[in-house]
Amino acid sequence: MKYNKANDAKQDAKTTKGLDKEQKAMFEKMDKKHRKPKSQEDDRKMDVANLKKIKAKEKAHEAKEGKKGEKAEDKREKKSKKK
């Protein structure tokens, strides 16, 4: 199928369904940056790749935050043991 703006808008809406505002904003930014696709299928592949990148970033961020939380908790436990 040949690429056009109308089909791209529909496809992007389906792809971003279930994302929060920040994730949608990231997706839109990435969508505008990528090269012009040759076909609708080509665009779909790029959109799915962008979505995977967003999810991976989110997961890495959550893991990092989790570790910070654990470290802070460990510090609190050590302090309470000293008293």
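The model is predicted. Its structure holds 1 salt bridge. A negative surface patch includes Glu62, and a positive surface patch includes Lys67. Glu62 lies in helix 3, and Lys67 lies in helix 3 too.

**Helix 1: two sides**

- Helix 1 covers residues 5–15.
- Its buried residues are Asp8, Gln11, Asp12 and Thr15.
- Seen down the helix axis, these buried residues fall within an arc of 100°, so they line one face of helix 1.
- The other side of helix 1 has exposed residues: Ala6, Lys10 and Lys14.
- An α-helix has 3.6 residues a turn, so residues three or four places apart point the same way.

**The salt bridge**

- Which residue forms a salt bridge with Arg35? The partner is Asp42.
- The closest N and O atoms of Arg35 and Asp42 are 3.1 Å apart. The pair counts as a salt bridge because the cut-off is a side-chain nitrogen within 4 Å of a carboxyl oxygen.
- Side chains of opposite charge can pair when their charged atoms come close.
- Is Asp42 buried or exposed? Asp42 is buried, with a relative accessible area of 17%.
- Arg35 is partly exposed, and its relative accessible area is 48%.
- These labels follow from the cut-offs, because buried means under 20% and exposed means over 50%.

**The negative patch**

- Four residues form this surface patch: Asp20, Glu22, Glu58 and Glu62.
- Glu62 sits in helix 3, which spans residues 40–82.

**The positive patch**

- Which residues form the positive surface patch? They are Lys67, Lys71, Lys75, Lys78, Lys79 and Lys81.
- Lys67 belongs to helix 3. Lys67 is exposed, with a relative accessible area of 56%.
- Lys78 is also found in helix 3. Lys78 counts as exposed at 58% relative accessibility.

**Other exposed charged residues**

- Arg76 has its place in helix 3. At 54% relative accessibility, Arg76 counts as exposed.
- Where does Lys36 lie? Lys36 is in the loop between helix 2 (21–33) and helix 3.
- Lys36 counts as exposed, at 66% relative accessibility.

**Distances between residues**

- Lys67 and Ala13 are 54 residues apart along the chain. Their C-alpha atoms are separated by 34 Å.
- Lys36 and Glu70 are 34 residues apart along the chain. Their C-alpha atoms are separated by 44 Å.
- Arg76 and Lys5 are 71 residues apart in sequence. From C-alpha to C-alpha, Arg76 and Lys5 are 55 Å apart in space.

Key
Residues numbered from 1 in each chain as written. Predicted model: local features only at pLDDT ≥ 70, side-chain atom pairs only at ≥ 80, totals over all residues. Heavy atoms only, no water. Patch = residues over 30% accessible without salt bridge, like charges linked within 9 Å, V, L, I, M, F, W, Y side chains within 5 Å. Areas by Shrake-Rupley, 256 points an atom, 1.4 Å probe, with all protein chains shown as cover. Lys, Arg positive; Asp, Glu negative; His and termini not counted. Charge placed at Lys NZ, Arg CZ, Asp CG, Glu CD. Helix = DSSP H or I, 4+ residues; strand = E, 2+ residues; numbered from the N terminus. Buried < 20%, exposed > 50% of the residue type's maximum accessible area, 1.4 Å probe, protein only. Arc of directions from axis to C-beta.
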